[in-house]
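Thanks for sending this one over. Here are my comments as numbered points, to be read with the structure open beside them.

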Amino acid sequence: MSVDKSKVLIHVDKLEKSFGENQVLRGISTEICQGEVVVIIGPSGSGKSTFLRSLNLLEVPTGGRILFEGVDITDKKVDINQHRQRIGMVFQQFNLFPHKSVIENITLAPVHLKLMTKEQALERARELLERIGLPEKADSYPSQLSGGQKQRIAIARALAMKPDVMLFDEPTSALDPEMVGEVLELMKELAHTGMTMVVVTHEMGFAREVGTRMMFIDEGVIMEEGDPRTVFQNPQNPRLRDFISKVL
């Protein structure tokens, strides 16, 4: 994994988000560079998923700016859908279309958005199914898959768009314990190919092993960040020390 510090993909400047009276994000500023695997940890309700979902405007910020590849995507005049094509998103709950087969789920967006012909999209989908170890599931439907298989298909669907960055919102939290490993293995492989990733997760082993940077968010601010191994061994922030003692 090589991080290119000279190439900033996402620049976050004083990001704020409120739901009514409840301020969830309180002026977060950070940069995400090409090739980074930024792992976000923190207690429930800390704002980490809201922060992640703001990066492609699934949550619209109430203050601050987000620049993606140099473009201010919080500007009302910007066509966010055009930029979302280059930001892959993987959710907790898979979000596959139940009435469409696996291969239809993967090819739908690239064909619909006219990024590929149907033939190109099918070829890409088959390559991805091979890569994630599920080529035999092309004609299956989501109801015929295990949770781990569904999540691997959801990752393949995001990769079909050839994104520049992948966002993962607690991708293993809805899985049975024995299925978590197969999804994390695929994410590790992605990281090793140089994919830029931002991952909200409770999987501390993954954070330590694969992350190039760990971010601890609590009460809507970044309380501490740094190299995951260093942060785990010697957390500076008392809130982080307390959090790590409970999760490890």
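1. Where does Glu136 lie? Glu136 sits in the loop that links α4 (118-131) with α5. Please keep in mind that this is a predicted model. Glu136 has a relative accessible area of 53%, and since anything over 50% counts as exposed, Glu136 is exposed. Its C-alpha atom is separated by 37 Å from that of Glu69, a residue 67 places away along the chain.

2. Now to the sheet. Six strands make up an open sheet with mixed pairing, and their order is β6-β7-β8-β3-β9-β10. The edges are taken by β6 (87-90) and β10 (221-226); each has a single partner strand, so one side of each has no neighbour in the sheet. On average, and ignoring direction, neighbouring strands are turned by 20° against each other.

3. β6 runs parallel to β7 (residues 165-169), and four bridges join the two strands. In one of the pairs, Val90 has Phe168 of β7 as its bridge partner.

4. Next, the helices on the sheet. α6 packs on the sheet and touches β3 (37-41), β7 and β8 (196-200). The direction of α6 makes about 145° with that of β8. Helix α9 (residues 238-247) lies across β3, β9 (213-218) and β10, and runs at about 100° to β9.

5. The α5 and α6 pair deserves a point of its own. Helix α5 (residues 147-159) packs with α6 at an angle of about 20°, and the axes are 8 Å apart. Angles under 35 degrees count as roughly parallel, and α5 and α6 are therefore roughly parallel to each other. Their crossing is right-handed. On the α5 side the contact includes Gly147, Gly148, Arg152 and Ile155, while the α6 side includes Met179, Val183, Leu186 and Leu190.

6. Finally, the nonpolar cores. Which residues touch the most other members of the largest nonpolar core? They are Ile155, Met166 and Met197, in a core of 48 residues. Helix α6 (residues 177-192) gives the most to this core, with eight residues. Another core lies apart from it and has 26 residues, among them Val12, Leu55, Leu57 and Phe91.

7. Leaving aside neighbours within four places in sequence, Ile155 is in contact with Val90, Met166, Phe168, Val183, Leu186, Met187 and Leu190. Two of these, Val90 and Phe168, are the bridge partners from point 3, and Val183, Leu186, Met187 and Leu190 belong to the α6 side of the helix contact in point 5.

Terms used
Residues numbered from 1 in each chain as written. Predicted model: local features only at pLDDT ≥ 70, side-chain atom pairs only at ≥ 80, totals over all residues. Heavy atoms only, no water. Core = buried A, V, L, I, M, F, W, Y, C linked by side-chain atoms within 4.5 Å. Buried < 20%, exposed > 50% of the residue type's maximum accessible area, 1.4 Å probe, protein only. Contact = heavy atoms within 4.5 Å. Pairing = 2+ DSSP bridges. Axes fitted to C-alpha atoms, helices over the stretch in contact; angles between N-to-C directions. Parallel < 35°, antiparallel > 145°, perpendicular 65-115°, else oblique. Left-handed = near helix turned anticlockwise from the far one by under 90°.
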